[in-house]
Amino acid sequence: MTSCYIHSAVSISAQKSFEVEQLELVEISGEKVEALAPNYKDFISPMALRRMATGVKMGVAAASKALQNANINEPNAILTGTGMGCIEDTEKFLNSIIANDEAFLTPTSFIQSTHNTVGAQIALGLQSKAYNNTYVHGALSFESALLDGLLMVQNEETNNVLVGGIDELGTEFVDNVRMMEDQNPNGIKVPIGEGASFFVLSSEKKHNGVELLGIKTFSKLSIHSLQDALIAFLSHHHLKPDSIDVLILGNNGDSFDDYYEEVSKAFPQETTNLSYKQFCGEFYTASAFGLFLGFEILKSQQIPEGLLQYKAQKTSLKTILLYNQFKGRDHSFILLRQC
Amino acid sequence: MSELKQELKEKIIDILNLEDLSPSDIEDNDALFGDGLGLDSIDALELIVMLDKDFGIQLTDPKKGKEIFKSISVLADYIAEHRKK
Amino acid sequence: MPSTEKNNANRGVAITGMGIISAIGNTLEDNRLSLLSSQSGIGDVTQIKTKQASQIKVGEVKLTNDELIDQLNLLKDNNFTRTALLGLVAAKEAVKNSGISMDDSVETGFISATSVGGMDKTEIHLKEFPSKKETQKYISSHHAGDSTQKIADALGINGFVTTISTACSSAANAIMLGARMITSGQLDRVIVGGSDALSKFTINGFKTLMILSDEVCAPFDADRKGLNLGEAAAYLVLESDEMTKNKNVLAYLTGYGNANDAFHQTASSETGEGAFLAMQKALQVADLKSSDINYVNAHGTATPNNDLSESVALTRIFGEPMSDFSSTKSFTGHTLAAAGAIEAVFAVMSLQEQIVWPNLNFKSKIEETGLKPTTTLKNKHIQNVLSNSFGFGGNCSTLIFSKR
């Protein structure tokens, strides 16, 4: 089985995370927060850009940059994960149907609403005929795409796999989601966010590179079985809790944060615990931003300004475990290690 | 007729989201599809809806669109002849 | 979890069970009987109120949501969308058909596919969400992963579960991922397939593309007018070779290929490049020559664009003589994300019955390519069936099913 390395990681988010030398994170607040848009014209032709909604623009630009940073012209596979798909165009088309009672409808927003539009537009822009897949499974959308990519590199001798997670806010559905969360005292506290994070996976080892050791997902896991599942995952990779230097956790302020506490308990006190959704917001593919942070930490051997809440007791920054879940289900463990 | 042509240029820019263009950038006889303005089959469908909604002209065969949408001049002529609104 | 992650490309992928619900039948056997009697299920839309009704024909499942809820014994107050209901019916049948039990210690995964997701409910209730409490349960059921989660939960599958959505090639990709999870040793068993319900959203969406026919569709016909939308769900139980020692294996999934046409968001290229590459890859994985294929279940949506493009690709792969081929979409309509799965079931049935399914409503060949599909039930020796599914966004997928 071949090892898998991450050659590049790019993120468009509510933070200044795209094309920056040094990451400085600033907590966000509010009901929902938009991502900071780069200059899309640098990456996408005007004729293509005119039809694109936020998610497609973010995805194509981030994918483009990830390939650039990895020195790749054409990937051998394009894998995307998105929880809500192209919700902007979905809302547009649906509202036209409702407002005009099915008359005088135009095709563009319907065509752009299919979940695989980001992956398709990336392929079109690159004229890439390679394997192309889109995963749409809530908080496991990105992880599913990442697992597909990992399988390819490990078992199928495919190199240079482009993997990304994208979600856009939209304008209407998100307000209903926010309303439901706010009605519930145990609901999500961080803003609802949006973003696109893309990575290039490769079997080529690089000095001071980042290795993607493994990933495991569980549709359902009780809080009582969580630690056992975690230990089993670590030991499958010949690791124990004290081998982990940093835990990157997906706390969003709701009552299911208990799951993160439970995981944290399995690790020694000195393990650095980081949470990130107060910087990018909560959305189905927010964990891709988490992976971007993990990559940045291992590459720079530093924890970005603003991310660390307490003084880190462990100085080693070699092995990182990411854990995410949503409403008590869709659990994922991702293991990273510095080469 | 020139009023109609101006109107069509404005509509096309608006409906097809050609943000970077202004009506003066589109010549009356420029090819709209293929090598000219670079519009495609999805744009043709959008324009077919415009013909129905704004001018009451119903095109049932999408392939006819290619001839009618050749240029602003051709389109204006067609609309002048067939419009119901 | 399998004790070691084996990288064994020789790990065969066996199909040990299937389940299906479509316009031509609510069960596996009903579907089979309809195919055997050339009985199409396409007709007028009855369960959705749409202004387009008089201008379209669809492949509706002949059960209402209430009837499906009753059949599944669900609580009256549930938030199952029609996509989830259809999916659960088919998935349950697949499990029963295979004889597997979730109580045994085999880790079973579930990979589903959908494009509509919960839209059939969202389109009705969107404007009511802010004010009508009783509709709010459908907010969380909108996203594409919801029906998958519901089906996995009902079946008792808690481990690897995911959803693929690549338009009309979705279920084929789900089946393909399932196969790779088995050949790579990640899973010993996985249930794969897809579900899509009819919706006002898709009916109107396809109407704007001007590719719907107001008659029953005629795939590969020179005068074809467009497609009929359909709804359906189908699942297959895939197991690794070692798991099938004392089991009845229905067929084997021996080849698969996924490629992108990279030509246009909705139209296929003139040379059918994506389709060609997908078929080529599938043949490579199966280690077969095109002449080894005895029947092609084509994507064949009956749109002017697809059937021409696919014909060109078929000619490039098969040359002369062209394999026996047909599109079963004149039976079921185009079931979007579920198509790859229901047509996989039809491919396996073809192997079981040793019959090529007829391409209904064909009258004359497409001029540019001159291909003639099989138009009546044809008995022949069938060892390998190739099935195509091509979607918007250039997503092209091909599967090959074989007897061993």
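Predicted model: local features only at pLDDT ≥ 70, side-chain atom pairs only at ≥ 80, totals over all residues.
Residues are numbered from 1 along each chain as its sequence is written, and chains are lettered from A and ligands numbered from 1 in the order in which they are written.

Staying with chain C, its C-alpha atoms fill a box of roughly 60 × 55 × 40 Å along the principal axes. Of its 404 residues, 63% are buried, where buried means that 20 or more other C-beta atoms lie within 10 Å of the residue's own, exposed means 12 or fewer, and partly exposed lies in between, with C-beta atoms placed from the backbone. If we take contacts in chain C between residues at least 6 apart in sequence, 80% of them join residues at least 24 apart; two residues are in contact if their C-beta atoms, placed from the backbone, lie within 7 Å. Chain C has eleven helices and 14 strands, which are DSSP runs numbered from the N terminus, with helices being H or I of at least four residues and strands being E of at least two.

How is chain C divided into domains? The assignment gives domain 1 (13-244) and domain 2 (254-402), and such bounds come from an automatic or database domain assignment. The centres of these two domains of chain C, taken over C-alpha atoms, are separated by 21 Å, and the contact between them takes 59 residues from domain 1 and 53 residues from domain 2. On the domain 1 side, the elements that each supply at least two residues include β1, α1 (28-36) and α6 of chain C, and the largest share, seven residues, comes from α6(C). By class, that side has 32 nonpolar, 21 polar and six charged residues, where Ala, Val, Leu, Ile, Met, Phe, Trp, Tyr, Cys and Pro count as nonpolar, Asp, Glu, Lys and Arg as charged, and the others, Gly among them, as polar.

Helix α6(C) covers residues 170-183, and its 14 residues should span 20 Å at 1.5 Å a residue, which agrees with end C-alpha atoms that are 20 Å apart; the expected span is 1.5 Å times one less than the number of residues. Because 13 of its 14 residues are buried, α6(C) is largely enclosed by the rest of the structure. Just after this helix, C:G185 takes a positive phi of about 85°.

Strand β8 (residues 251-260) of chain C is mostly covered, with ten of its ten residues buried. Which strands does β8(C) pair with? One is β1(C), residues 13-21, which pairs with β8(C) in the antiparallel sense over two bridges, two strands being paired if DSSP finds at least two bridges between them; here C:I15 stands opposite C:A251. Another is β14(C), residues 395-402, which runs antiparallel to β8(C) and is joined to it by eight bridges, with C:N395 as the bridge partner of C:N260.

Turning to chain A, we have domain 1 (5-202) and domain 2 (210-338), whose centres are 22 Å apart over C-alpha atoms. In their contact, 45 residues of domain 1 of chain A meet 35 residues of domain 2 of chain A, and α6(A) gives the most to the domain 1 side, with six residues. Elsewhere in chain A, helix α11 (residues 286-300) has 13 of its 15 residues buried, so it is largely enclosed by the rest of the structure, and the residue that follows, A:Q301, has a positive phi near 55°.

Finally, how do the other chains meet chain C? From chain B, five residues are in contact with seven residues of chain C.
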